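Please keep the viewer open while you read.

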Amino acid sequence: MTDKSPATENPWQHLRQLTPARIALGRAGTSLPTAAQLDFQFAHAQARDAVHLPFDHEGLREELQGRQLDTLLAHSAAPDRHTYLQRPDLGRRLNEESAQALDAYAAQQGKGFDLAIVIADGLSSLAVRRHSLPFLDKLLEQVNEAGWSLAPITLVQQGRVAVADEVAQRLGAKMSVILIGERPGLSSPDSLGLYFTYGPRVGLNDAYRNCISNVRLEGLSYGMATFRLMYLMREACRRQLSGVDLKDEAEVPVLDNEGPGNFLLNDKR
């Protein structure tokens with residue numbers, strides 16, 4: 001004789017194989033089954049930990065330098081994590097010491113750059129730790145092939161997306177890309193976001209940026225993210241703009257061997 005589970009399975013149970021979303025969890029009376037409730041609490045704890053995990057900028061810098069890449073360390077105007085979470089505006093600007101350091105570097109170089117890459121912890125330094133280096137390995141291959149000059153990769157503690165505009169402006173870069181940890185979800189505590197701006201300067205809003213989201217092993221692959229970002233950068237150089245006026249119309253390989261195409265644009269009727 002076997003004990004019968006008090007939980008009632010949902011008839012849509014098979015759909016859970018197609019998505020990480022919390023669907024078809026079943027029920028125990030009028031409540032969630034214990035396993036589903038514990039799984040939710042675990043995912044919530046992972047998301048909270050991702051937000052508060054310290055940014056290991058020194059370790060990341062060592063790995064970048066091991067790849068023969070020049071780096072700079074900077075800090076936003078938010079002095080600590082508590083302030084950063086309560087004052088998003090401070091995370092968008094550099095503190096005075098960092099601003100002066102970047103100005104001094106730019107004056108010493110006496111020239112501008114085509115591209116400035118910024119890495120910031122954002123709301124998930126876990127995402128930065130897991131995905132920034134593998135993504136950069138693929139991106140920099142394409143940047144070198146394009147012949148673009150690269151500013152030192154700037155690591156910003158307590159940074160928001162817009163801080164890349166100030167970094168690039170102070171270094172005299174024509175374009176900026178920031179790799180930043182996105183707000184954790186209950187199924188994605190390690191999602192990396194990419195934000196690209198042509199002609200970056202302090203004061204730009206999100207309408208001037210292009211976003212590529214959910215870069216991680218379970219989301220958008222490093223190769224596809226690189227492909228889309230390179231398309232945006234090449235088009236931005238040609239048209240001298242970015243943001244809402246620059247659409248992602250990159251032709252991506254299709255699975256039926258009919259050549260490149262964009263499923264949003266192609267009409268095969």
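The points below go from the overall fold to the cores, and then to the charged side chains.

1. A word on the basis. This is a predicted model, in which local features need pLDDT of at least 70, side-chain atom pairs count only at pLDDT 80 or more, and totals for chains, interfaces and linings use all residues. Residues are numbered from 1 along each chain as its sequence is written, and side-chain values use heavy atoms, with hydrogens and water left out.

2. The overall fold. The protein chain has eight helices and eight strands; helices (H or I, at least four residues) and strands (E, at least two) are DSSP runs, numbered from the N terminus. Of its 269 residues, 43% count as buried, where buried means under 20% relative accessible area, exposed over 50% and partly exposed in between (1.4 Å probe, protein chains only). Among contacts with a separation of 6 or more, 65% come from residues 24 or more positions apart; contact here means heavy atoms within 4.5 Å.

3. The largest core. With 35 residues, this is the largest nonpolar core, and I119 and M233 have the most contacts inside it. The term stands for a set of buried Ala, Val, Leu, Ile, Met, Phe, Trp, Tyr and Cys residues joined through side-chain atoms within 4.5 Å. Two or more residues each come from α2 (57–66), β2, α6, β3 (153–157), β4, β5, β6 and α8. Helix α6 gives the most, with eight residues. Setting aside neighbours within four places in sequence, M233 is in contact with L115, L139, W148, M175, V177 and F196.

4. The second core. A separate core of 21 residues includes Y105, F113, V156 and I178. As background, nonpolar side chains tend to be buried together in soluble globular proteins.

5. Helix α7. Do look at residues 163–171: seven of the nine residues of this helix are buried, so α7 is largely enclosed by the rest of the structure. The buried ones are V163, A164, D165, E166, V167, A168 and L171.

6. R209. This arginine is found in strand β6 (residues 209–215), and R209 is buried, with a relative accessible area of 9%. Which side chains does R209 join by polar contacts? One partner is D165, at 2.8 Å, and another is D206, at 2.5 Å. A polar contact is a pair of N or O atoms within 3.5 Å; within protein, one must be able to donate a hydrogen and the other to accept it, and residues adjacent in sequence count only if both atoms are side-chain atoms. Not counting residues up to four places away in sequence, R209 touches V161, A162, D165, F196, T197, L204 and G243.

7. D121 and R81. The salt-bridge count comes to 13, a salt bridge being a side-chain nitrogen of Lys or Arg within 4 Å of a carboxyl oxygen of Asp or Glu. One of them joins the side chains of D121 and R81 (3.6 Å, N to O). This pair links distant parts of the chain, 40 residues apart: D121 sits in the loop between β2 (113–120) and α6 (125–146), and R81 in helix α3 (residues 81–86). Both D121 and R81 are buried.

8. R216 and its partners. R216 and D190 meet in a salt bridge through their side chains (3.8 Å, N to O). R216 lies in the loop between β6 and α8 (222–239) and D190 in the loop between β4 (173–181) and β5 (192–198), so the pair ties together parts that are 26 residues apart in sequence. Both R216 and D190 are buried. A salt bridge also joins the side chains of R216 and E218 (3.1 Å, N to O). Is each of these two buried or exposed? R216 counts as buried because its relative accessibility is 8%, while E218, at 57%, counts as exposed. Elsewhere, salt bridges that share partners join R93, D103, E166 and R170 into one network.

9. L90. This leucine is in helix α4 (residues 88–91). The C-alpha atoms of L90 and S76 are separated by 6.7 Å, with the two residues 14 apart along the chain. Neighbours within four places in sequence aside, L90 is in contact with S76, A77, A78 and T83.
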